[in-house]
Amino acid sequence: MKTDKNRVYIFDTTLRDGEQSPGYSMNTEEKLILARQLERMGVDIIEAGFPIASEGDFEAVKLIAKEIKKSQVAGLARANKNDIDRAWQAIKGAVHPRIHTFISSSDIHLKYQLKKSREQVLKEAVAAVKLAKSYTDNVEFSPMDATRSDRDYLVEMVSAVIDAGATTVNIPDTVGYAIPEEFGNLIAYLFANVKTMGNTIIATHCHNDLGLAVANSLAAIRNGARQVECTINGIGERAGNTAMEEIVMALKTRKDLFGLYTKIKTEQIYKTSRLLTQITGIPVQPNKAIVGANAFAHESGIHQDGLIKEKITYEIMTPQSVGISDTHIVLGKHSGRNAISHHLKKMGYLLDDEQINKVAARVKELADVKKDIYDEDLEVILAEEIYRGEDKYSLVYLNVVSGNVAIPTATMEMQIGKDIVRKAGFGNGPVDATFAAIRNITKTNYPLMKYVVNAITGGSDAQGEVTVQLKHNNHSVVGRGAHPDVIVASAKAYINALNRMEFLKDNIKKVKIVE
Ligand code: KIV
Ligand code: ZN
């Protein structure tokens, strides 16, 4: 690996450490799809799996090694001949293969798990690196549980594996035990005491048991580490691994402090995160940094006000920089007049101060019973508070014939001004036929943008509430109707929308529309 001291290499282990955690297993095809996306986003090294673990793992690593051309492809192996041979068989077809071999270095692991002496483990580490080196120049070694290891033994092991040919030495905080300052000091200690460090890349691999994986990785970087092992969405063993999106965006956003860079195309971050959640079916928590649903959503009135004036007031990075289309201003009980007015402007309505006050008061009332206020809610408020007129249309009579042997037919009588008009309509179902009858009677044909039915109460006798949205040029109107018969509720909603549309058209000059 050519060294550029300001570049931080991104080693993604979503397909290995991430995949081995409960609920995240993926089949070969899914692993390949994700590997291709990791390559597209510019990951330097993809740890594709642990080939000795199973036939399926072996085949997946082999396929990824064959298909991925730009990123390095690493296979994991314990420090023994069987594992290393198997890893090499899996990755040897890669353009840039890497063997990643590991053995524990902490006395806790040596005593209780390996039941071997320090000397024995050191010998096995060196032999493993030498064997891996006989297959490829690109060898990574990890002393597992490094953060609970004796520092001088760690220095001895790191020095020995570098002498044996390791080009990258990874310092894992296997059990997520380290604290940032302490971990940073450990990395500095290795740089100060390993005499043969040369061009070796020191890597970090942090687990999140104390919620410190990203902070520990950053502390290591501050002290000279130049490879970060991480996963998409921070998935991984137990509480997970360092989240790639957080590390990458921390380095990018705080370039002033770190002065470092990665080759990750950050605009691909959100897409990659979504791909993983779609494959595994496990969503990220809404408040997850960078990729959570609320990461760029603002509900505080004060923040909304600041953002509208200048984004930098409350946003340290743009949503676009991680591939999210825009900041999301959530209208709710904390929203102020400025945020409401700004939002209405985006919807196409320009209101004066008095009108904004009226709408803001209604938004507050509604927000007490309904957490989020959507555009449809605002349309209804506008129609009721601002753009209210005499209804032109009303329903007099509706009869619908439907079923699996009849062509759905609606016969309807409506009052239009002083006139009573009766007509029929046919359709694919009773609602379609009803809407056709209304269009015939009113001689209108606005595109139907939305049709939603909700039960206001539970049970089969529930009152149905229907929302209908119609479009006219740049504007849409929403109508609502409620009735125990959903077909009647649908007719009422459609007619309600038509009445609002009539008002909008008649008052088009009074309603200031933003072009
Ligand atoms: O957490 C860990 O120590 C590991 C090693 C295999 C690097 O995953
Ligand atoms: Zn791990």
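A pocket here is an open set of points on a 1 Å grid over the protein atoms alone, with protein on both sides within 12 Å along at least five of seven lines; lining residues have an atom within 4 Å of a point. A volume is the space filled by probe spheres set on the points, which are joined across faces, edges and corners.

This is a predicted model, where local features need pLDDT of at least 70 and side-chain atom pairs count only at pLDDT 80 or more, while totals for linings use all residues. Residues are numbered from 1 along each chain as its sequence is written, and side-chain values use heavy atoms, leaving out hydrogens and water.

**View 1. The second largest pocket holds about 330 Å³.** Of its 24 lining residues, Asn233, Gly234, Ile235, Gln285 and Lys288 come closest to the centre. Helix H9 (213-222) and helix H12 (269-280) each give two or more residues to this lining, and H9 gives the most, with four.

**View 2. The largest pocket has about 500 Å³ of space.** Among its 25 lining residues, the ones closest to the centre are Leu76, Arg78, Phe102, Ser104 and Met144. E4 supplies the largest share of the lining, four residues.

**View 3. Ligand 1 sits in the largest pocket (more than half of its atoms lie within 2 Å of the grid points).** Polar contacts are N or O pairs within 3.5 Å. Look for ligand oxygen atoms at 2.7 Å from a polar side-chain atom of Thr174, 3.0 Å from one of His207 and 3.1 Å from a side-chain N or O atom of His205.

Note on methods
Chains lettered and ligands numbered in written order. Polar contact = N/O pair within 3.5 Å; in protein donor to acceptor, adjacent residues only side chain to side chain. 1 Å grid on protein atoms, 1.4 Å probe; cavity = no way out; pocket = protein on both sides within 12 Å on 5 of 7 lines; lining within 4 Å.
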